[in-house]
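Hello,

Here is the structure I promised to pass on to you. My notes on the pocket, the sheets and the aromatic pairs follow below it.

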Amino acid sequence: MLLSKPTANNQLSIINYQLSTTNYQLPTTNYQLPTANCQLSTINYQPPTINCQLPTTNYQLSTTNCQLSTINYQLPTINYQLPTANCQLPTINYQPLTTNCQLLTTNYQLRYKTMPSLFKTPVSALPGVGPKRAEQFEKLGISSVGELIQFYPRAYEDWSEVTKIADITGEGTYCVKAVVGSAVSNAVLPGGRFLCKTTVYDDTGTLKLVFFNNKYISQMLAYGAEYFFFGKITIDGYGAQMVAPAFSPSRQGPHIHPVYRSTAGLNSKTIEGAVQKSLKMLPETVGDPLPEPIRKKYDLCGLRQAMEDIHFPKTTAELEYARKRLVTEELVVLNLGMRSLRDHSRTLSGVKIRSDHSAKFEKLLPFELTGAQKRAISDCVNDMLNKPSQMNRLVQGDVGSGKTAVAASVCFTVIKNGFQAAFMAPTEILAAQHFETFQKLLGGAGVSVGLLTGSMKESEKKRVRLGIADGTIQLVIGTHALITDKTEFCNLGLAVTDEQHRFGVAQRAKLLSKGDNPHLLVMSATPIPRTLGLIIFGDLDISVINELPPNRKPVRTVLLPASGRSRIYNFIREEVSNGRQAYIVCPLVEEGELDGVASAEEYAAELMLNHFPDIPVGVVHGKLKPAEKDAVMDGFARNEYKILVATTVIEVGVDVPNASVMVIENAERFGLSQLHQLRGRVGRGEAQSFCVLISDRMNQVTRQRLEVMCATNDGFKIADEDLKMRGPGDFFGERQHGLPQLAIADFADTKSLELSQKIADDIMFRYRDLRNDELRLLNAEIDRLFSRGGHNTMN
């Protein structure tokens, strides 16, 4: 939202307007006015600009000859009078200074700009905002007037629904219109607190008002004056009273009142006043990032109207209209920004893939690829064969859908074309497992596979790095050790990152810098709703694996109360006796952190002492050192531990096909997508697997959410429900998605996401290129959105 942005050399600034000649001369040196002794001083005569009115209705600017009309030009009349009949000012050679004559190019109409961009104007420029107040605004992320205007209300109070005092029948929130009927009485309570009381009345009855710790109420409420009062009604043995209501003079009329997020020393009412002042600083015409044809087609109001109505709407209809406009704009800007990132990431690749070897790879497999796997492989190979730029593709598939086989096939094709491939995994255990898998698959086909992790002995790491540098290792599987300066590649052709949300953009870029613009394949098992995926992965092309291998049996999921634990333990013992293993997941670690919530350490001790003293139980949690955690998880993978009690560190990190039971304690504390990821740790073998959700703290919403898990194993359906129920903050975790921080839009609003996608497509169809001059304000918004915590800085 560019509140005001001058274009170079195009705007007429009336404040700086100067006549082109410094010594304005009337045509004759001895010009005499008809009245005696009335002469005009000709030395340095400057007409005061305060009285220089330029007619705006018929004012036309010419690009070749910029002339000012003198129709309404009046000389000051303080000390002399010019007879209008005979005194004419010559218009010849009367030129404005070219340095100050500028036109806004939008619609080629005259614009008056009297201030710099509001995003460059500090909030301290507002009346009443001194250095201390500015520091308080800074705590809310507001440093400029523009940012204050974009600090939208978190809620609204509808003061338009006015209730008569006699109609107040119960406790709740009300708005009344009443007259102050008594002087405000003040009392000091123990501890120095202030208690203020007064009585108000309307034509139906009286009502008591109570204020705490506000000794200025008596100065703010005038006896006999009428106000709107908005607040909570409480009823006790003495009748109804309104406690600490907000109020405003009745002359302001009933309205919808904004409520802002506040901080210590800066309440919502103070912010409201500052916003009112900031809106007055808006230029008369606000440049609109969305072109007019787009606004008309999609019924979006103008930017200035939206900014005023989002803060101070007169009706709920105005509020919804303003919100629609601002939400849509923000999502369109984000959508186009992500597209721009994707386009800029497309560089000519030095890796020329000339032949497809995916059919040969498929013959190496002991199983049949699914149709979805084949399509994903085809997408990748076509990117590398037919496009001059490097491949940037995300393969997104549900847990157990076979993404690793897709990555192995693409690596095989790249290696058979004479290049190296690197596969970066998020944990050392997963890297070791991938190494074993790739070695079995590709070793027999003459591919040299290496493993490089941080915990390896230095001598072993040196040997592997030498093999990577001289090209004898064609495929290397590793962790962050792959992106250290010591690791150099001979001719890296493909970089694969597993579990994309675990790696930042900077880490990806570091791996890609090891080659000559190598191809990039990103794999993610985190299902993302379709509309959201188009934005989140806007810098990547997407392939979706939406089929499971035919031998995979869906995991059966049940929801039980804590009283059913004994049944669960008996079932685990039965599965272990059949040679299977089990996970038990707890949400917290530290003892007594939250009453009624099991911690991993407490739980494991309880199991080992009272329930499974004869069965090996391992425990893994976030407070363990990496080496200790890896040792336990590796022991579980080797079937040394039959039961693993863990926190969500196992969400990604180990593949144990022998595990058939997943028990999740306090399931209400997890998001659906996180529960689905945990459930994905089982069901990886041929045996039937089970997931048990335990919860005693279920209201109707929680039960409904957990029952979604029992009803489906489709990760994309679960992701949609999770996003609707929890919103993007819980869905992704703390800033995990890596997107710019939005001011008003909500990723859970799928309707707005779809509309913004449609508008973004329309803009690109109409204007072809974001660099189109008609989109310069939209481009400025894209730059500003991504500069305030952008895509490259949050992962």
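Let me start with the residues that line the largest pocket: they divide into 15 nonpolar, 13 polar and twelve charged. Here Ala, Val, Leu, Ile, Met, Phe, Trp, Tyr, Cys and Pro count as nonpolar, Asp, Glu, Lys and Arg as charged, and the others, Gly among them, as polar.

Before going on, please note that this is a predicted model, in which local features need pLDDT of at least 70, side-chain atom pairs count only at pLDDT 80 or more, and totals for chains, interfaces and linings use all residues. Residues are numbered from 1 along each chain as its sequence is written, and side-chain values use heavy atoms, with hydrogens and water left out.

**The pocket**

The largest pocket has a volume of about 1,300 Å³. A pocket is an open set of points on a 1 Å grid over the protein atoms alone, where a 1.4 Å probe fits, with protein on both sides within 12 Å along at least five of seven lines; lining residues have an atom within 4 Å of a point. Points are joined across faces, edges and corners, and the volume is the space filled by probe spheres set on them. Of its 40 lining residues, Thr-404, Thr-437, Arg-552, Asp-655 and Arg-684 are the closest to the centre. Helix α11 gives the most to the lining, with eight residues. Helices (H or I, at least four residues) and strands (E, at least two) are DSSP runs, numbered from the N terminus.

An open sheet of seven strands, with parallel pairing, has the order β13-β14-β12-β15-β16-β11-β17. Two strands pair if DSSP finds at least two bridges between them. At the edges are β13 (449-452) and β17 (541-545), each pairing on one side only. Strand β11 (residues 392-397) pairs with β17 over five bridges, and Val-395 stands opposite Ser-543.

The open sheet of six strands is also paired in parallel, in the order β18-β23-β22-β19-β21-β20. Its edge strands are β18 (556-560) and β20 (617-620). Four bridges join β20 to β21 (residues 643-646), with Val-620 opposite Ala-646.

**Aromatic pairs**

There are eleven aromatic pairs, counted where ring centres of Phe, Tyr and Trp (its six-membered ring) lie within 6.5 Å; planes under 30 degrees apart count as stacked, over 60 as edge-to-face and the rest as tilted. One of them, Phe-361 with Phe-412, is tilted, at 6.0 Å centre to centre and 45° between the planes. Phe-361 lies in helix α8 (residues 358-364) and Phe-412 in helix α10, so this pair ties together parts 51 residues apart in sequence.

Best wishes
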